[in-house]
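Trainee: Please take a close look at a single part of this protein, and then connect that part with the rest. Which definition should I have in mind before we start?

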Amino acid sequence: MKMIFKIAKTELRNLFYSPVAWFLTIAFMVQCGVYYVSPLYGLANWQDVISRNNPNFTDFGISMTDALFLGQDGIFANVLQNLYLFVPLLTMGLISREVNSGTIKLLFSSPIRTREIVLGKYLAIMIYNLLLVGIVGVFMIVGILNIHAADYGVLLSAALGFYLLVCTYTAIGLFMSSLTNYQIVSAIGSFIIIFVLSHISGLWQKYDIVRDLTYFLSISGRTVKMLKGLITTKDVVYFVMIVYMFVTFTLIKMKAGRESRPWWAQASRYVMVFASVLVIGYVSSRPAFIGYWDTTRSKSNTLHPNTQTILKDLGKEPVEITLYTNLLGAGVHRGLPENRNDYLWNLWEPYLRFKPDIKFNYVYYYDTDDADSTLYKTWVGKSLPEIAGQTAEGLQVNVKDFTAPAEVRKMINLRPEGYRLVMQLKYKGNTTFLRTFDDANFWPEEQQVAAALKRLLGNVPKNIFLTGNLERSIYKKGEREYSNHAVARDNRQSLINMGFDSDSLCVETQEIPAGISTLVLADPKTALSAAAMEKISRYINNGGNMLIFGEPGKQQMLNPVLKQLGVQLMDGTLIEVSKDEMPHMVKPGLTAAGTHLSEDPALIALREMQTDGKSMGLLMPGVTGITFGDSSAFKAMPLLATVPGNVWLKAGPVVTDSTAPVFNPQDGDTRQPSYATAVALTRTINGKEQRIAVSADADFMSNLRMGGGFLGRNLYAWMVNDAFPIYTPKPKPIDTKLTITATTANIEKYLFVWILPGLVLLTGTILLVRRKRQ
């Protein structure tokens, strides 16, 4: 061991007695300085400008640690991107220099073992790498001083990722230096190896045998998690094994120069080392053997506690997930075998961390809806198998790997899912679908995954939408209908993707089932029969939860139902004259009771707004007022109320596309300080709290109005006591403000870009000159 340190010391001396190490050190310092002070000065300058003009300015609302160190213009993102340019220049002469100068013969003839030579030289490079980490560390320390409450856990994790990556690059450079006497060839060889390791993850991904092996060997993206503050044993083991492989390759190569062995014996050594790396890497990347350490202050890389609780409740029983990929369906590219690792590690790894026994299956098929002729119009004159064959050829896959329609339909009915890329989850005999979406994210997010997992545990809430009196439909896509927020499978925020089941029922001919979570009566346009009224009344008397949506002009359809609740829709239409909207478009504000419907992060933010004296308005296109009193058995609380003094109630019809209506008491118009447009009713019955919500507008829940936005989905959440949706908000960062001014940032710019590199340059020049004179 003592000899290893001596060789390392000698190598470091030689390293700094040459201009290359000094040049790389200075270039690295300048690069770090530029990428630190450039965003720093811009943010500090904006903070000064905003603070001067807005005394209430508190912060930027984004993490300054991420912006300065991990952002697109930050230090780590750019340093790691350019690191491969520095390392080959540093390592290209480690071994070849000894060969060219003849000192390698002296080393071989001395009582020094070959492994001591290799390990000593690599130890020297590791120490130099610590110098690079130290340079970055200077900026990390300054960043902690410049940022209010900087997240130092992220910085330490990123520094570890940087060090492991640069040690891996130098191990590659060490090996390439042992292969050739020409330093330029060694540098080019290092570039090539790094390039191969950066792109090997895309090779042979169609084949199950090699997919995991090439994916493990890939160096691309290995530091991404560490840069975000998540350290995994899988990534650490990868770097350690790659370093071990190339350092051992170097040792084998140098030993080969002193031994007389057949080529196959030498080659077997390389194969054995390479095989051991693959085996260890494969085992260490199995979910059950991966350890995780989230170093962020807010644990932003870890699943929300709500999701963790669901995974814990699943126990040790396995969850089976089957990905159905339709050759002719939407999202086919994401489901093909070559993208399987992206599917597993980018979508499912956070869940495998807490439940590593999830089993994954894959079904590849081709099919289309029998009622949809679009495909046949595109491929004129071709049968479905012929279309599948042509599509497979275009995607460079084998059509024989895809199951025919008749066979897959025996397995599962995917017609309701539109034959697009979809996942089916199974657990203890329960099944549910987890969908993909045509948006920027494509894959389901934590909220949708958590909802699907919780559905497997049972007790799935079911909403029943009444029909039979021309109510709003959950199956139609028209702008006044309700499909978008209820059953739209392609909307990640719809009830079906948030954990709810929804169905319709004709109240005139069918009985309301027991055990449903919510009964919805949305804007009936004809009078309910006595039988329908009796069924609804019985449901209410039994303590059932209900949502009731009405419209001005049709108050007489709902008021008989509302009478037993002590609530009535007022005759007439509310008018709010404004410069932008038509007069019947009223914008009531959310009340305190409205902000406490659920623990939705959006509502929590609105609560904070109300404490600051602000209120969030919700546009209701055509609404009337609601009257309620204390004589009812229900406790009534307004959820939405108009701004005092801005709104009045117009009797009779309203002309919306002419001049603004004028308040006229002679015509029956009335005015009161404020009108409630949505009311929550509660009472205790049969040992539980019954919840009913009444809205005097049905349009705000329509497809055109995006299903009521934040209020719409929270009405359903209120009905089930927040059992669904599963809220998984990420904590807000607190490192959102700088502690320095633009003047100080400008001083740091000159210090880190010019003065410190200049001092290092002066030191290096003096040392090299004195060395040359000696």
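Mentor: Helices (H or I, at least four residues) and strands (E, at least two) are DSSP runs, numbered from the N terminus. This is a predicted model, in which local features need pLDDT of at least 70 and side-chain atom pairs count only at pLDDT 80 or more, whereas totals for chains, interfaces and linings use all residues. Residues are numbered from 1 along each chain as its sequence is written, and side-chain values use heavy atoms, with hydrogens and water left out.

Let us begin with Asn686, which is located in the loop between strand S19 (676–685) and strand S20 (688–695). Its phi is near 55 degrees, a positive value in a residue other than glycine. Most residues other than glycine have a negative phi, and most peptide bonds are trans. Asn686 has a relative accessible area of 62% and is therefore exposed; with a 1.4 Å probe and protein chains only, exposed means over 50%, buried under 20%, and partly exposed in between.

Although Asp523 is not a glycine, its phi is positive, about 55 degrees. Asp523 belongs to the loop between strand S9 (518–522) and helix H22 (530–541). Because its relative accessibility is 1%, Asp523 counts as buried.

A further backbone feature concerns Pro725: the peptide bond from Phe724 to Pro725 is cis, with omega near -10 degrees. Pro725 lies in the loop between helix H26 (709–719) and helix H27 (742–773).

We may now turn to two residues and their surroundings. Ile290 is in the loop between helix H13 (263–284) and strand S2 (292–294), and its relative accessibility of 10% is why Ile290 counts as buried. Leaving out residues up to four places away in sequence, Ile290 touches Thr232, Thr233, Lys234, Ser284, Ser285 and Trp345, where contact means heavy atoms within 4.5 Å.

Helix H20 (residues 446–455) is mostly covered, with nine of its 10 residues buried. Among these buried residues are Glu446, Val449, Leu453 and Arg455. They pack against helix H14 (305–313), H16, strand S5 (422–427), strand S6 (430–435) and strand S8 (501–506).

A nonpolar core is a set of buried Ala, Val, Leu, Ile, Met, Phe, Trp, Tyr and Cys residues joined through side-chain atoms within 4.5 Å. The largest such core has 103 residues, and those with the most contacts inside it are Tyr343, Trp348, Met423, Ile536 and Phe549. Helix H16 (residues 340–352) gives the most to this core, namely seven residues. Another core, of 90 residues, lies apart from it and includes Ile26, Phe28, Val87 and Leu132.

Finally, consider the whole protein. It has 27 helices and 20 strands, and its C-alpha trace spans about 110 × 70 × 55 Å along the principal axes. Of its 774 residues, 51% are buried. Among contacts with a separation of 6 or more, 76% come from residues 24 or more positions apart.
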